[in-house]
Amino acid sequence: MKLFNFVAGGLTTVVMSANLFAQQSAPPQQSAPPQQRQPLPGSGQVIPRENSQERSTERQGTEKHSVNDTLAACLAIDNDEEVQIAQFAREKATNKDVKEFASMLADEHKSCLETLKQISPSSAQSVMTKGNKTSTNASSDEISKRNRNASEGNAPGSNAGRKEMSGSSLDIVQIHRELADQCLSDSKEKLNEARGEDFDKCFIGMQLAKHAAMHSKLTVFQKHATGELKSAIADSLQKTKKHMKVAENLMDQLDKGDSKGSTAKTE
């Protein structure tokens with residue numbers, strides 16, 4: 001009996017010792033569920049979720065950047081068109097005040113264009129793309145030919161990258177460039193039909209309509225722009241209002257037959 005009790009007691013001690021050893025040798029497995037443990041680098045337990053969030057943030061940043069570039073490119077095209085029609089009118093207007101207004105428009109829209117190029121360098125390519133820029137003396141036929149080539153995918157320096165941005169074959173910036181080219185051509189054609197005071201009135205009327213449309217465009221673009229571009233658009237809105245006010249005053253002056261500013265006789 002004593003031997004049995006001794007053996008039983010020894011076995012109990014061995015079992016208890018084994019259990020204690022097992023508990024001491026593997027504390028990590030029992031201290032916390034695997035998913036709650038601090039992951040080792042590259043373990044793939046929590047890090048993939050973080051990487052996914054980082055990639056999502058980067059993608060959102062890239063999309064915002066692309067939106068800004070697209071908006072800046074469209075505005076650069078608009079400002080370039082305005083510079084060219086203003087330079088055209090400055091040479092042909094007969095009223096001194098109209099000439100000065102056209103000169104101011106050319107200078108201030110050129111300044112806006114340079115600001116856009118600094119904010120978004122890619123916008124410069126939308127205005128000057130391997131000779132695809134509309135020259136001041138370009139004829140309607142030349143512009144129409146360029147537009148046909150662009151629509152057929154043969155325009156020099158066309159940027160196919162923007163087509164992939166929207167997942168379609170439509171290049172918004174290219175369409176905007178063609179539209180600006182056509183507007184410039186149509187405006188010149190209409191202005192060339194007028195002479196003297198009629199030219200001045202026609203140009204001022206165009207500027208009233210053009211700047212009203214630009215004000216609407218800038219208001220919408222500002223809602224989608226970010227950073228420096230958003231601030232630049234706010235500044236452009238103020239300039240657009242100023243230009244409209246000057247144009248309204250000039251139109252009133254011309255309607256009243258005030259020829260004090262005339263530099264040439266009406267033909």
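Helices (H or I, at least four residues) and strands (E, at least two) are DSSP runs, numbered from the N terminus. The structure is a predicted model, in which local features need pLDDT of at least 70 and side-chain atom pairs count only at pLDDT 80 or more, while totals for chains, interfaces and linings use all residues. Residues are numbered from 1 along each chain as its sequence is written, and side-chain values use heavy atoms, with hydrogens and water left out.

Start with the whole protein. The secondary structure comes to 10 helices and zero strands. Of the 267 residues, 33% count as buried, buried being under 20% relative accessible area, exposed over 50% and partly exposed in between (1.4 Å probe, protein chains only).

Select Lys239 and Asp235 in helix α10. They are four residues apart, and therefore separated by about one helical turn. The two form a salt bridge, with the closest N and O atoms 3.7 Å apart; the term means a side-chain nitrogen of Lys or Arg within 4 Å of a carboxyl oxygen of Asp or Glu. Lys239 is partly exposed at 22% relative accessible area, and Asp235 is partly exposed at 42%.

Now show all of α10, residues 227–255. Its 29 residues should span 42 Å at 1.5 Å a residue, and its end C-alpha atoms are 43 Å apart, which agrees. The expected span is 1.5 Å times one less than the number of residues. Just after α10, Gly257 takes a positive phi of about 75°.

Move to Glu81 and Lys210. This salt bridge has its closest N and O atoms 3.0 Å apart. The pair links distant parts of the chain, with Glu81 in helix α3 (residues 47–92) and Lys210 in helix α9, 129 residues apart. Glu81 is buried, with a relative accessible area of 7%, whereas Lys210 is partly exposed at 28%. Elsewhere in α9, the buried residues include Phe199, Phe203, His211 and Phe221.

Next, select Arg177 in helix α8. Arg177 is buried yet has no salt bridge; the nearest side chain of opposite charge, Asp181, is 6.1 Å away. For this search, Lys and Arg count as positive and Asp and Glu as negative; His and the chain ends are not counted.

Finish at Ile175, which lies in helix α8 (residues 172–192). Ile175 counts as partly exposed at 42% relative accessibility.
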